[in-house]
Amino acid sequence: MDGARRAFSERIATQENPCNLLMWFSDGEFNLNVRDNDSKLQRWGGLKPWAPDNKLANRAQVTQALEAGRSDLCRPGGLADQLRSLDVATIGLGLAVDLEPSAFDLMRGITTGSASCGQITQPTPGEFIMASDVDDLIFAFITALDPVTEPTTTQPCVDTECAEGTRTFVLDGSIGAVNATAKTPLDGTRILLRTRTGDSIELTQGTGEQNLGGSTLAWEWLTPQVLTFDLTRVDADDWAGPWGIVFIASEATDELAKSTITLKGDIAPTLVDRAVRLQIGAEPVALQLGTVDRNGARIDPETLSEETV
């Protein structure tokens, strides 16, 4: 962590508008080995800067050094606060294989400010995500880049489509594109995209593209269990309505599918009657506003939902 702090300090000094992110992968354990001879002491990095007089020669000294290290990380003004003061967002990815959740308490505290770790805790300095296998790790890595969107869980259908195994999302004319990431609970679980017309398109393993008329669809399986897809609007008239992601497993399972959906807005106000001239001190005039997309094409108000602001 101290190396990261130094690297970001040097980086920020040369940036006009700093915007930095630390991605931290760890098994969660803060641990030290006993170094009962000079050879082991040098092999494992020598003395620790937060406990320079501690030789780490026995278990009791190691315990003392660990306590001193935790204190140095989480004390007010300590290493965690120093990193936060640089306005560096931290995303911690815990590699949970055979460890108890408590093994990640320190890592979670450093990344999120929980467990009284540090003094700079508002706004929340980062995000902590647990990953139990490679698929979880890849899913967590992708979704961590959009910490505002929380993953949703879905109970997969068995063999055929069902309402319980479908995650529905609704599009209107204000949305220009959709990005989704999904993780299946079992190898062989199929994922379908249900369109606004009720048709279903299977997103087969590998990569694929399809023109849906009012939109284009592109997908990629990053692993046998992790899929990403992009849906991009072409024609608002064939776009608005309910869509869905359908998970279909070959056998019943208690494990749940996970997915995140990011809706990307594409709408701006525009003056309909551009012949109207506005002048300071002139009489009030009636203005009519409309909506357009990023290309200046008119968006029909009928395609907008009540939630569009």
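## What covers helix α5

In this predicted model, the buried residues of α5 are covered by several elements, including β1 (20–26), α3 (59–74), α4 (79–85), β2 and β3. Helix α5 is mostly covered, with six of its eight residues buried. Which residues of α5 are buried? They are L106, M107, G109, I110, T111 and T112.

An α-helix has 3.6 residues a turn, so residues three or four places apart point the same way. After α5 comes G113, and the phi of G113 is positive, near 85°.

## Aromatic pairs

How many aromatic pairs does the count give? The count comes to four. One of the pairs joins F104 and F128, whose ring centres are 6.0 Å apart with 50° between the planes. This pair is tilted. The pair links distant parts of the chain, since F104 and F128 are 24 residues apart. F104 lies in the loop between β2 (88–95) and α5 (105–112), while F128 belongs to strand β3 (residues 126–131).

Is F104 buried or exposed? F104 has a relative accessibility of 0%, so F104 counts as buried. F128 has a relative accessible area of 13%; because buried means under 20%, F128 is buried too.

W239 and W243 form a pair with ring centres 6.1 Å apart.

## A charge over a ring

Which residue lies over the face of W44? The residue is R43, at 5.3 Å from the centre of the W44 ring.

## An exposed loop residue

Where is T160 found? T160 sits in the loop between β5 (157–158) and β6 (166–171). T160 has a relative accessibility of 52%; because exposed means over 50%, T160 counts as exposed.

T160 can also be placed relative to Q61. The two residues are 99 residues apart in sequence. In space, T160 and Q61 are 61 Å apart, C-alpha to C-alpha.

How values were computed
Residues numbered from 1 in each chain as written. Predicted model: local features only at pLDDT ≥ 70, side-chain atom pairs only at ≥ 80, totals over all residues. Heavy atoms only, no water. Phe/Tyr/Trp six-rings, centres within 6.5 Å; stacked < 30°, edge-to-face > 60°. Helix = DSSP H or I, 4+ residues; strand = E, 2+ residues; numbered from the N terminus. Buried < 20%, exposed > 50% of the residue type's maximum accessible area, 1.4 Å probe, protein only. Lys NZ or Arg CZ within 6 Å of the ring centre and 35° of its normal. Contact = heavy atoms within 4.5 Å.
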